[in-house]
Amino acid sequence: MRIADILRNKGTAVTTVPPQTTVRALLTVLAECNIGAVVVSPDGAAISGIVSERDVVRHLDRHGAPLLDRPVTEIMTDRVRTCGPDDHTSSLRADMTEHRIRHMPVVEDDRLVGIVSIGDVVKSEITELATERSHLVDYLQGKY
């Protein structure tokens, strides 16, 4: 299965925040959208970084409450791994596992076109396995 197949089912909407967004405002966005990470982008298409709930927790532990009024650029990951719509879920799953990444932006022609989570990847692979199983059972039962 390709990443484009996941995006076709889940949609291509990506929540972004501009670089000057405070950590406090970021927390509001994460809570209101019920998501675990956002892409930091000056225009909604270019990627400056990505910031997750884990980033907030780790930095808050080190820096305390004053962190809440600092910009997300101070806690974001600025070397963002991305994938393309034509990438396969199996290679993405391996990459996400190896690098301990839970959210990966999808980029096409240097523009942000979606985001996938490890949960999206696992769900798609489970669906694909269930479909293959069903076809094999039908084949073994002579339904083909």
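# Cores, strands and salt bridges

Student: Which residues is Val23 in contact with, leaving aside its neighbours within four places in sequence?

Tutor: In this predicted model, Val23 touches Val56, Leu67, Leu68, Arg70, Pro71, Val72 and Ile75, its neighbours within four places in sequence being set aside. The term contact applies because heavy atoms of each pair lie within 4.5 Å.

Student: Which members of the largest nonpolar core touch the most other members?

Tutor: The core has 13 residues, and those touching the most other members are Val23, Leu26, Val38, Val40, Val51 and Ile75. Helix α2 (23–33) and strand β2 (37–40) each supply at least two residues of this core. The largest share, three residues, comes from α2.

Student: What makes this set a nonpolar core?

Tutor: The name requires buried residues of the nonpolar types, joined through side-chain atoms within 4.5 Å.

Student: How many residues does the second core have?

Tutor: The second core is separate and has 11 residues, including Ile6, Leu92, Met96 and Val116.

Student: Which residues of helix α4 are buried, and how do you know that they share a side?

Tutor: In α4 (residues 89–98), the buried residues are Thr89, Leu92, Asp95 and Met96. They span an arc of only 125 degrees around the axis, and therefore they lie on the same side of α4. On the other side, Thr97 and Glu98 are exposed, that is, each has over 50% relative accessible area.

Student: What do the buried residues of α4 pack against?

Tutor: They pack against α1 (3–10), β4 (103–108), β5 (111–117) and α5 (118–140).

Student: Why is Ser117 called buried?

Tutor: The limit for buried is under 20% relative accessible area. Ser117 has 17%, so the residue is buried. Ser117 lies in strand β5 and touches Met96, Arg102 and His103, residues up to four places away in sequence not being counted.

Student: What makes β4 and β5 a pair of strands, and in which sense do they run?

Tutor: Pairing needs at least two bridges. β4 and β5 have six bridges and run antiparallel, so they pair. One of the residues involved is Met104, whose bridge partner in β5 is Val116. The hairpin of these strands has two residues between them, and in it Asp109 takes a positive phi near 55 degrees.

Student: Why is Asp109 called exposed?

Tutor: Exposed means over 50% relative accessibility. The value for Asp109 is 71%, so Asp109 is exposed.

Student: What is the phi of Asn34, and why is this residue called exposed?

Tutor: Asn34 has a phi near 55 degrees, a positive value in a residue other than glycine. Asn34 is placed in the loop between α2 and β2. Its relative accessibility is 69%, over the 50% limit, and Asn34 therefore counts as exposed.

Student: What makes β1 and β3 the edge strands?

Tutor: An open sheet of three strands has the order β1-β2-β3, with mixed pairing. β1 (16–17) and β3 (49–52) each pair on one side only, and they are the edge strands. β2 and β3 run antiparallel and are joined by four bridges, and Val39 stands opposite Ile50 in β3. Helix α2 packs on the sheet, touching β1, β2 and β3, and its direction makes about 125 degrees with that of β2.

Student: Why is the pair of Lys10 and Asp120 called a salt bridge?

Tutor: The term requires a side-chain nitrogen of Lys or Arg within 4 Å of a carboxyl oxygen of Asp or Glu. For Lys10 and Asp120 the N to O distance is 2.7 Å, so the pair qualifies. Lys10 is in helix α1 and Asp120 in helix α5, 110 residues apart. With 41% relative accessibility, Lys10 counts as partly exposed.

Student: What do the pairs of Asp69 with Arg24 and of Glu125 with Arg93 tie together?

Tutor: Asp69 and Arg24 form a salt bridge with their closest N and O atoms 3.2 Å apart. Asp69 lies in the loop between α3 (53–63) and α4 and Arg24 in helix α2, so this pair ties together parts 45 residues apart in sequence. Glu125 and Arg93 meet at 2.5 Å, N to O. Glu125 lies in helix α5 and Arg93 in helix α4, so their pair ties together parts 32 residues apart in sequence. Glu125 is buried, at 15% relative accessible area, whereas Arg93 is partly exposed, at 34%.

How values were computed: Residues numbered from 1 in each chain as written. Predicted model: local features only at pLDDT ≥ 70, side-chain atom pairs only at ≥ 80, totals over all residues. Heavy atoms only, no water. Buried < 20%, exposed > 50% of the residue type's maximum accessible area, 1.4 Å probe, protein only. Arc of directions from axis to C-beta. Axes fitted to C-alpha atoms, helices over the stretch in contact; angles between N-to-C directions.
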